[in-house]
Amino acid sequence: MPDWAIAKTDHLRLLASDWSTFAGKLRTPCKCLTVPGASITGSGPSRHETSSCIQVVARADTMGGQTPEQMGPRSDYPLRAPKPVGQMISKIYRDRISQFYSGGQYEHQNLRAMIKEGVASGEPHVQLSVWHAPGQSRPTFEEAASHKFEKTSVGNWFGPAWTTHWFRVVLKVPKNLRDKRLLEFHWDANNEGLIWDESGHPLQGLTGGGERIEWVLPQSFRDGQEHIIYIEMACNGMFGNPPGGDIIQPPDPNKHFRLDRAEIVAIDDDARQLWIDTWIIGDAAREFPQDSWEQHKALDVCNRIIDTFDINNRESIKECRKIAEEYLGPHVNSPRVYNSGKEPVVFAIGHCHIDSCWLWPFAETKRKVARSWSNQCDLMERYPELNFACSQAQQYKWLKELYPTVFARVKSKVAEGRFHPIGGSWVEHDTNMPSGESLVRQFLYGQRFYESNFGRRCQTFWLPDTFGYSSQLPQLCRLSGMTRFLTQKLSWNNINRFPHTTFNWVALDGSQVVCHMPPAETYTAEAHFGDVKRSMSQHKSLDQDATSLLVFGKGDGGGGPTWQHIEKLRRCRGISDTVGLLPRVHMGGSVDDFFEKLERKADSFVTWYGELYFELHRGTYTTQAKNKRDNRRAEVVLRDLELLATIASIKDKTYKYPKKEFDSMWEKVLLCQFHDCLPGSSIEMAYRESDEMYAEVFRTGEKILKDATAAMGLTQVKTTTVDDGFALNTLPWHRKEVVDISETKAAVACGSGPLLKLRHFKTNEAGPAVTLRQLSKGLFVMENSHLKVEVEHGVITSLYDKLADREVIPKGQKSNQYVIFDDKPLYWQAWDVEVYHLDTRKPLHATETKVHEEKPHRVSIVSHTKISDKSHIETVISLSAALSGQPSHVEVTSTVEWHETMKFLKVEFPVDVRNTEASYETQFGVVRRPTHYNTSWDMAKFEVCCHRFADLSEHGYGVSILNDSKYGFATAGNVMRLSLLRSPKAPDAHADMGSHRIRWGIFPHQGALSHLTVRKAFEFNNPLKLLSAVPGSTKTLAAIESLIKPPVYLTADSSPALVLDTVKRGEDDADVSTGDLPAREGRTVVLRIYDSLGGRARGTVETTWDVRAVAKANLLEDELEEVVFAEGKFKVDLKPFEVATYVLHLAA
């Protein structure tokens, strides 16, 4: 309670010596408050809280206690009560408040009836004509304006969904409205739109459906002349085209939209401001505790406003606003409200979260960006306190390319320090499934765009809506120049409540960032009274720091802050400074300003180690299987091609490193890693677009591969001979594998360099290298020198490790067992799989098993499994010949014809191994998760994300499950389970329907998880390719064979846990630079090396290139320190799970 609230008491005795203290609390004293000789100054409330007078007794400040002089009673206090006065019935008077400004049966008699002073619609004041763009095209302004427009009117319908309609609007303000204080044009077609001026410059976006339908008319429109604007109508709402109230249902392709309003409106701004006044004070009456005087005061003020309001007297509105000042203070009409000098605890930042695709396609997002950000530039002109943060470099690039005048406005606001590019990444990407190098490129491409276009990099990683956060993100953030991280998604957890608001988040290698999760628990706050209140009441780190961010603005579908949001926050601040109790909110700063204050005390913050696992949306590891397969394949292709192009560009100076093509490929892949695309939670249209992008990536990749191998004098072939062929290897260690060189023949590829020589596959005189026997109908045994595999009716009943003398599968159990589950989550179909789905497990049984292949180097059997009348599986289980020094594994290829509804297909591997934790590959490392359900935190991880392998090991032995395109996994006790396919029906009704080819491997190994699994998983995803010398090539055989030795590699005495993951050219080398940032002289090669197993890893990098110097760098290729380089070698010494980047400077 503020100090001055003591004025509420009926009688108050003050010592004369105390008077100056009390009087300083009052701005204007009550008439009944007098003290002889006292001077009243200071600031505080201008009136008493009750009608009771305050009697003050003054006495001299003397010893001995004389009797003080008494003031008499009120002379006007009536002897008899003139009338009965009842107590305010709080609930009734509180419920009355919203009637004063809401729609419904009273809207023509309440405040709403006074907001409009006049309306002009129809001709000649509003003339409408339209041009319908063909199909689902999205033509430019220039194209649209060149067409003939036909007359149209309010009340007409436009569609269907996803079409575009351009309107030519001729406005003429009538004489009776020209002198009104505020004139707006209101357009509501219940869909999104963009206003353009006659010259083709975008002005402001429109949302429709009653939201953001107004555009303030320029002063120049008051001249009585006709003025032309254009409106680009998009036939979709802010959340696409759902068929009804459930927004995640597949879009209605036949949806049409009615133009309900096109009119010039004169607004009584006092009435509109009173609406916001009453709204917010009413919220205080509704949300403050009912036992607080602040709540009762709000109730009193609102009801006096309602009683004072006279619908026939506009002057009454001014009187009402004066009453509102008793609660809000006098400064809520301007940004001066934030200049009270009192310390705020809630820092509000405008934000506009635009999903790069979701319930709408990527193509529509490009227009959403222009609509949303032009709105913010417009609001900044009217509200000086508005600061706005927005992420995703890809969206800035779209704006720059497609809407250059809007980009210029944004750039000017960035220069003013009010529009804040944030996040540092290319898009707000998923962090579970992209590879480590993909996460690196998200930061590399994002930070380079911000630096090249705005002159600075981001300091804060901004990812409010992604479905969980990888354990290596803090390390990658620090290596990308960012020390802060913001999210809030874990507030959606549906099992455990995350315990912190502000904390230090620590990566696998020990790197940390300051993390803040806004306690309002949203990134699209409506700037309600309750949002500000919850910023304190839901804050979970008050013992460390009481401040918080309030991220407000329309989002997901774009839009951003509205004028209503900003006005509401002004009033919230006014309440805090005038009445109190509400946390004090502030506007005018940036996200970086907020984090800078946090960082000063971050040493005392609590820590959270490892992944921020999201206890929801676990189905996103599996949904949209083709999209995930394309992602994995694209990552492999880009890694391989960058290595080969680097080698080619150094070996052949006539070969140009295809940097522009790589940039285009990477930008598409990074875009498709957006957190509603790669996870599988977008509509079908978005996946048609991503299919096209991936197809272009692979076409470009084929050309780069052809050009790079040609520069080496080689070409890719499907068949070859031992004498003429080579195997293309892109992995940084010695490989020895059996490869098919024709339909019937195989060879052994062996070596360490980019080219592996082929040797004849020789059968052992003592017997075949691999055998297949049928013991009875449906029962087969496959065997090589390492493994013996029994397959019975399509499942593996025994996997015997001959080298370890150990059975892998527990007695009586079945491995490679398909199981199917009912999959009906509580709501989010494409996103969620709930724990109760495990209770519906049903094994699937093969109907036929037979020999598929029996060759000297490989044997296999095939089985057919019926899922339903519409779906079935063909499974090939293979065992290849074991090679000396190379561990063996069982390979499975599954072809699934999938046409189910709300089912989940998985494959199980029970193993005779016991551990309370299983290991899963993550980006640049391994994360360990429980195999038990001891606590709710353990049980919440009933479905988790993994990359190329999952492993369950005990001391001395383990089993790894490899895969080529899957990300969902679970280990419960000793049962390992790979998730294969889901079949949700929203938001894509056809998600995953069709044919799928999936590969996985079962890899038993002696010892704990080691480099053997890491390398085997790489190899499983990077199969060798056949090459042959180009006939007639000028490349000599010696030049070709020089590639048999790797040009850069880790020496044999290096830790096997070290992985040389990336070899590429420097971003700004003069001969490859695309000019976005200044080029630098000379040529460089960038290496990325990481420790894959979580221990101190030391090694030596050796190169045959002519290198003059080596430096250690960050992910952005800023050189940090020189590395000793001598005799073609340099040392590496990495901490557990450390990611290190080295720049090799080549001699001229």
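I began with the surface of this predicted model, and found that the accessible surface of the chain comes to about 44800 Å², with 50% of it belonging to carbon and sulfur atoms. Of the 1148 residues, 60% count as buried.

Next I looked up the overall build, and noted 21 helices and 56 strands in the chain. The radius of gyration is 35 Å, close to the 32 Å given by the globule rule for 1148 residues, so the chain is as compact as a globular protein of that length. Along the principal axes, the C-alpha atoms fill a box of roughly 125 × 85 × 65 Å. Among contacts with a separation of 6 or more, I find that 73% are between residues 24 or more positions apart.

I then turned to the aromatic rings, for which the count comes to 47 pairs. I picked out Phe388 and Phe419, which form an edge-to-face pair at 5.0 Å centre to centre with 65° between the planes. Phe388 lies in strand 14 and Phe419 in strand 15, so this pair ties together parts that are 31 residues apart in sequence. I checked both residues for burial, and both Phe388 and Phe419 are buried.

Trp426 lies in the loop between strand 15 and helix 11, and Phe449 in helix 11, so the pair ties together parts that are 23 residues apart in sequence. Trp426 counts as buried at 2% relative accessibility, and Phe449 is buried with a relative accessible area of 9%.

Terms used. Residues numbered from 1 in each chain as written. Predicted model: local features only at pLDDT ≥ 70, side-chain atom pairs only at ≥ 80, totals over all residues. Heavy atoms only, no water. Helix = DSSP H or I, 4+ residues; strand = E, 2+ residues; numbered from the N terminus. Rg over C-alpha atoms; globule rule 2.2 N^0.38 Å. Buried < 20%, exposed > 50% of the residue type's maximum accessible area, 1.4 Å probe, protein only. Contact = heavy atoms within 4.5 Å. Areas by Shrake-Rupley, 256 points an atom, 1.4 Å probe, with all protein chains shown as cover. Phe/Tyr/Trp six-rings, centres within 6.5 Å; stacked < 30°, edge-to-face > 60°.
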